[in-house]
2 protein chains.
Amino acid sequence: MQQLERLREKVQNAMQQLSWQKQPKELYSPISYTLQSDGKRIRPLLTLLACNMFSEKIDDAIAPALGMEVFHNFTLLHDDIMDKAPVRRGMPTVHEKWNANTAILSGDAMMIEAYKLVSKTPHTILPKVLDVFSETALGVCEGQMFDMQFEKRMDVSEEEYLEMIRLKTSVLLAAALKIGALIGGASEKDANELYSFGISVGLAFQLIDDWLDSFGEEAVFGKRIGGDILENKKTYLLIKALELANPEQKKELFRWIEAVDFAAEEKIASVKEIFQTLGVDKQTQIKAENFSQDAFSHLAKLNIPNEKKQGLEILVRDLLKRDK
Amino acid sequence: MQQLERLREKVQNAMQQLSWQKQPKELYSPISYTLQSDGKRIRPLLTLLACNMFSEKIDDAIAPALGMEVFHNFTLLHDDIMDKAPVRRGMPTVHEKWNANTAILSGDAMMIEAYKLVSKTPHTILPKVLDVFSETALGVCEGQMFDMQFEKRMDVSEEEYLEMIRLKTSVLLAAALKIGALIGGASEKDANELYSFGISVGLAFQLIDDWLDSFGEEAVFGKRIGGDILENKKTYLLIKALELANPEQKKELFRWIEAVDFAAEEKIASVKEIFQTLGVDKQTQIKAENFSQDAFSHLAKLNIPNEKKQGLEILVRDLLKRDK
């Protein structure tokens, strides 16, 4: 679609114009390295799309839109240190390519750069936008802390899990939309509808991601299927399975979770079978579908002509479809 | 002095009113822990003093003043991870008491909290204040990166060292003053004079600190004398000594720097003797005195009655005196 392509190009051009040729090189090179990868730039696109819903003039939204992307990539950089992840998008992570100290410090600088970009919001709504951004940024940190804590727990409830992914994934998508809307001159009500839309999109997206990791097709998903199962990751599938399993099924799940010496394919197949027996694969799809419908109900309430909503609708339908 | 006491109390009360009783506890407790220590609160005091020079109304400056303190303590928290420091102000560091991941993430949250406080600046000057704050925050990161790089180098020049401490120490003191002045309604010129004052105060402070670590009195300095020498820290003294030493003195310095098995007192005494022979102890004092005089020349240029400058003058003279 034309609008989407135009905005995507605007984002890419603006990203390329950010300059990281500053001293000391070891502080700024990791930022440039992190941002050069061909991420999907979903968050800045959401900001520009939301702004464009309410205004033909979107230039004021470009710097804050990039701020969303820089902040998102900062969280990936620091999360990768905490998770000891060796690879991100097919490339060595910053703490692997440089070292942990450089990754900590470049991440810090990256968060400041994100604030600098967000601060380029037009002055009249700067206090409001900063408020949304800072609350969101704190929420993302809270989500990461819950995520790390859940790794050590076997009794995470569905409610706790949904709250964690709301913080870790949804709030930044929602804020990217709300900030774009505010810059475009949306009413508080419309900006909040878009925020709610973003929250539900994020929840649906994460549940679909959980489902795909076990039941998707490798060629479409782009990652090896079963990774979450091998890592005993507390996904929606595992949390629901632990909740619904009878004592025998629970025992088998724990046997696989605690297993040290096993064939990967056997573990994946066995755990998937338990998921299917319990129906948590279907339940995950239904839950994702519910969040998706909830999202679009908020979009429907926006007080603007339907054709203004098309770009966002196409982007998000594509995001939530994948190979389902 | 009455004004200083009054402002110090304002800072302490306001610090205590910040609430860290938020969830998840493991994210916010380390922030509360870091801020509860009885630091000297120099930076928020500088902000309030600078504001009070130009206005009787200082309440608008309180939140941004606390932002300076929270940001400063955030940098200590992350620096301590990078330096693997076990103790800070007599207490276990956050990464020791909790763990490195918690320290990284709580530090991130702390930087966001600092931005939240700075964002409470009156709206009319918020863009200007944010600009000063973000540039300063980046400068502090740059300073820390240079500091880490210098650890691995033996050819750091005096100029490089002064630039590093300007970034690592001075710019935040200078920004605390400038932001306070701007909130108090100072002219751009006066705000910049205070900024220059802060830069020179920071440089003088660090050189005095370098001198005290080798030549101070333990009871007054509050730390064990000779710590920098034992750690081969690239202080102004060592950098100047390496610059001025003849081949024989250089050889002896390197012998001590590379020594693995030695008596601490002997190393300290021997290196101090080289410093004294080369006169770098005196040179450090003179350099510090020059920066101090430069600082007060900027204070003299401020376009306000002298009695308005007294509080700041007393605070800074005290800061730069210590046991010299």
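The model is predicted, so local features need pLDDT of at least 70 and side-chain atom pairs count only at pLDDT 80 or more, while totals for chains, interfaces and linings use all residues. Residues are numbered from 1 along each chain as its sequence is written, and chains are lettered from A and ligands numbered from 1 in the order in which they are written. Chain A has 16 helices and two strands. Helices (H or I, at least four residues) and strands (E, at least two) are DSSP runs, numbered from the N terminus.

**Chain A as a whole**

- The radius of gyration of chain A, taken over C-alpha atoms, is 20 Å. The globule rule (2.2 Å times the number of residues to the power 0.38) gives 20 Å for 324 residues, so chain A is as compact as a globular protein of that length.
- The C-alpha trace of chain A spans about 60 × 50 × 35 Å along its principal axes.
- Of the 324 residues in chain A, 47% are buried. A residue is buried if 20 or more other C-beta atoms lie within 10 Å of its own, exposed if 12 or fewer, and partly exposed in between, with C-beta atoms placed from the backbone.
- Among contacts in chain A with a separation of 6 or more, 75% join residues 24 or more positions apart. Two residues are in contact if their C-beta atoms, placed from the backbone, lie within 7 Å.

**Where the chains meet**

- Chain B brings 30 residues to the contact, and chain A brings 30 residues.
- On chain B, helices H2 (25–36), H4 (62–82), H6 (100–118) and H7 (126–151) each supply at least two residues of the side that touches chain A. H7(B) gives the most, with 13 residues.
- That side of chain B divides into 19 nonpolar, seven polar and four charged residues. Here Ala, Val, Leu, Ile, Met, Phe, Trp, Tyr, Cys and Pro count as nonpolar, Asp, Glu, Lys and Arg as charged, and the others, Gly among them, as polar.
- A rotation of 180° with 0.0 Å of shift along its axis superposes chain B on chain A (RMSD 0.0 Å).
- The same surface serves both copies, as 100% of the contact residues of chain B recur in chain A.

**Helix H14 of chain B**

- Ile268(B), Val271(B), Phe275(B) and Leu278(B) are buried in H14(B). The buried residues fall within an arc of 100° down the axis of H14(B), so they line one face of the helix. The arc is that of the directions from the helix axis to the C-beta atoms.
- Glu265(B), Glu266(B), Ala269(B) and Glu273(B) are exposed on the other side of H14(B).
- Cover for the buried residues of H14(B) includes helices H9 (188–215), H13 (247–258) and H15 (280–300) of chain B.
- Gly279(B) follows H14(B), with a positive phi near 75°.

**Backbone details**

- Most residues other than glycine have a negative phi, and most peptide bonds are trans.
- The peptide bond from Gln23(A) to Pro24(A) is cis, with omega near -5°. Pro24(A) sits in the loop between helices H1 (2–17) and H2 (25–36) of chain A.
- Lys84(A) has a positive phi near 50°. Lys84(A) is exposed, with 11 other C-beta atoms within 10 Å.

How values were computed. Copies are superposed by least squares on the C-alpha atoms of residues with pLDDT of at least 70 in both.
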